[in-house]
Amino acid sequence: MSTYSFLIRRVLQALAVVLLVTVVVFCLLHALPGGPARGILGPQATASQITAFNHEQGLDKPLPVQYVYYLNQLIHGDLGMSYTLNEPVSQLITERLPKTLLLTVLSAVVGLLVAVPLGVWQAVRRNKPVDYVITTLSFIAYSTPVYFLGLILVLVFSQVLPWFPAQAPQGNSVLAVLSQPQGLVLPVVAGAATMVAVFSRYMRSATLENLTEDYVRTARAGGSRPRAILTRHVFRNSLTPVVAMLGYYVPVLFGGALVVEQLFNYPGMGLLFWTAAQSSDYPVLLGCVLVISIATVTGTLLADVLQRVIDPRVKAGRS
Amino acid sequence: MSSSLASVDGLAAKPAQAASGTRLAVRRFLRNRLAVVGLGVVVFFVLFCFVGPLIYSTDQTHTLLQQVNQSPSGAHWLGTDAVGHDELGRLMYGGKVSLIVGLSAGVLATVIGTLWGAAAGYAGGWVDAVMMRVVDAGIAIPALFILLVVSAITTPDLTGLVLILGLISWLVPSRLVRAETLTLKNRDFVLTLRAIGGTHARAIIRHILPNSVSTIIVAATFQVADAILLVAYVSYLGLGVQPPSTDWGGMLSTGMTAAYSGYWWLIVPPGLAIILVVWAFNAIGDGLRDAFDVRGRA
């Protein structure tokens, strides 16, 4: 399969997935108790008020027709109005999404920078004490709920040892947040912990697998030093499956951001989502779900394409 | 006809691991020290939660305002919480809910995922494509977001909670079982069965699934670990079981505010319990994967 037809195929698949998500979101919107009318008008609304509202908003039309309306709105970037904040959902999300992306990207970068060397180290020292200790620690990190980890971090590094603030930087722009880097330390560490656990495991097994390949023995027989083989050949070949896993990891990163933002009061999309859930602000909730899914699908797509670019074997294997 | 079908089932559907294979797997599992420790931890917590209350009985229903927020002592080994419940007894009581819900949700997710994945892989073609895009769409929405949306709509009872957790976490096992089915469906014993008139359902149920059983068991173990972890988030997200009932996640999230007042005994025990049990199931899954020689979890 040529690269172009692969790209087109993958993009079409991604679009199909996004379309499916819109169906799910639409169904959720209509499965709500009392429907959107009850949500906007409140529990005091009379039956006639609700009928009038439904008629005005086109909510008395058949569901497929409403779905087409809904899709049409989405294409025009209209995600509806927030019930409680009285602002367009799209505007609320555009304000907050960059800050969430900052948090997730920072967590992912920090996580990878720690996880990749750890995994390689473990593979080289396979079945030695170091390997067991790191394996145990990463299992523990994986098994810890993010909110519990965040709480412990705050108690230790903010209450007992006053090193970092317990609250994330506030501010409306990414720059404002970045101007107080010390406030980002604890949220980023909390967000990166699971990532370190998962990706050091991937990196360990990928490196182990590559170390048994013929080319390693050939290079060794040809007189290359083990360290040179590791950094020049094995490392690069082991990184490829890790890149592919990165795409599947995007939803976990966003899930982590949801908890971290609530815990540290970080003004991103996760916190917006959280407050919207407390006040049953459905347009905001479903708008966020949609944006997060699109981000996830894009992430997976990018990882797939990137993997194909890095590793010629993938191309040969798939066609 | 039926007798010849049965003989094909008997000949071919013999799972890859016969009696000696099983013994080999058990031996390999026992050699994995972490996995054995994990098994021990799970057995300990099951005894602790289900037998423990019979030995160490406490009042977990009445509010006892004369003994709130006491630190650990001879009378209350792990202290008491904000309404005077004994924390050690509460740990047993909440553990029951966490373990039952986590186990049921993990098993339910594996069952749904297995059926979905086997059907998709066996059918192939556009049916497979559509079914797998549904899985992609599900994976694209992070589980915590769905749980929070659900919490805005309703507060489910325990059965509802198991259903919700099962319905959002069957996606990964479905992918694993589909991959397994793809390699099995063109094997000779399946083709033979089809050639002599066996139905598709029979091929899947009697031949493909029994031969995928090691993949399914490994997936189920990891699924239970993830489900128990997800249960720990549930109360935090506002979907938890209602007081006076509780679970470890619920104890942890109600204890969070108290932690700032220095009441460490309200968060450390449930936190450690969650970490230990989730770790244990992951270690068991790891051991089983090595024992059965199954690849990858994702």
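Biologist: Which residues in helix 5 of chain B meet which residues in helix 11 of chain B?

Modeller: First, some conventions: this is a predicted model, in which local features need pLDDT of at least 70 and side-chain atom pairs count only at pLDDT 80 or more, while totals for chains, interfaces and linings use all residues. Residues are numbered from 1 along each chain as its sequence is written, and chains are lettered from A and ligands numbered from 1 in the order in which they are written. Helices (H or I, at least four residues) and strands (E, at least two) are DSSP runs numbered from the N terminus, and two residues are in contact if their C-beta atoms, placed from the backbone, lie within 7 Å. In this case, Thr114(B), Ala118(B) and Tyr122(B) of helix 5 of chain B meet His200(B), Ile204(B), Ile208(B) and Leu209(B) of helix 11 of chain B. Five residues of this contact are nonpolar, two are polar and none is charged. Here Ala, Val, Leu, Ile, Met, Phe, Trp, Tyr, Cys and Pro count as nonpolar, Asp, Glu, Lys and Arg as charged, and the others, Gly among them, as polar.

Biologist: At what angle do helix 5 and helix 11 of chain B pack?

Modeller: Two packed helices are described by the angle between their axes and the distance between the axes. Helix 5 (residues 87–123) and helix 11 (residues 200–211) of chain B pack at about 115°, with their axes 11 Å apart. Axes are lines fitted to C-alpha atoms, for helices over the stretch in contact, and angles run from 0 to 180 degrees between N-to-C directions.

Biologist: How many helices and strands does each chain have?

Modeller: Chain A has 14 helices and zero strands, and chain B likewise comes to 14 helices and zero strands. Of the contacts in chain B between residues at least 6 apart in sequence, 75% join residues at least 24 apart. The C-alpha atoms of chain A fill a box of roughly 85 × 60 × 30 Å along the principal axes.

Biologist: Why is Leu184(A) called buried?

Modeller: A residue is buried if 20 or more other C-beta atoms lie within 10 Å of its own, exposed if 12 or fewer, and partly exposed in between, with C-beta atoms placed from the backbone. Leu184(A) is buried because 22 other C-beta atoms lie within 10 Å. Leu184(A) is found in the loop between helix 8 (174–178) and helix 9 (185–211) of chain A. Leaving aside neighbours within four places in sequence, Leu184(A) is in contact with Leu106(A), Ala168(A) and Pro169(A). Buried residues make up 37% of the 319 residues in chain A and 49% of the 298 residues in chain B.

Biologist: Which residues have the most contacts inside the largest nonpolar core?

Modeller: In soluble globular proteins, nonpolar side chains tend to be buried together. A nonpolar core is a set of buried Ala, Val, Leu, Ile, Met, Phe, Trp, Tyr and Cys residues joined through C-beta atoms within 7 Å. The largest has 157 residues, and those with the most contacts inside it are Phe273(A), Leu285(A), Cys288(A), Val289(A) and Ile228(B). Helix 12 (residues 213–236) of chain B gives this core its largest share, 16 residues. Beyond its neighbours within four places in sequence, Leu285(A) is in contact with Phe273(A), Ala276(A), Ala277(A), Val149(B) and Ala152(B).

Biologist: How many residues does each chain bring to the contact between chain A and chain B?

Modeller: Chain A brings 35 residues and chain B brings 32 residues. The side of chain A that touches chain B divides into 28 nonpolar, seven polar and no charged residues.
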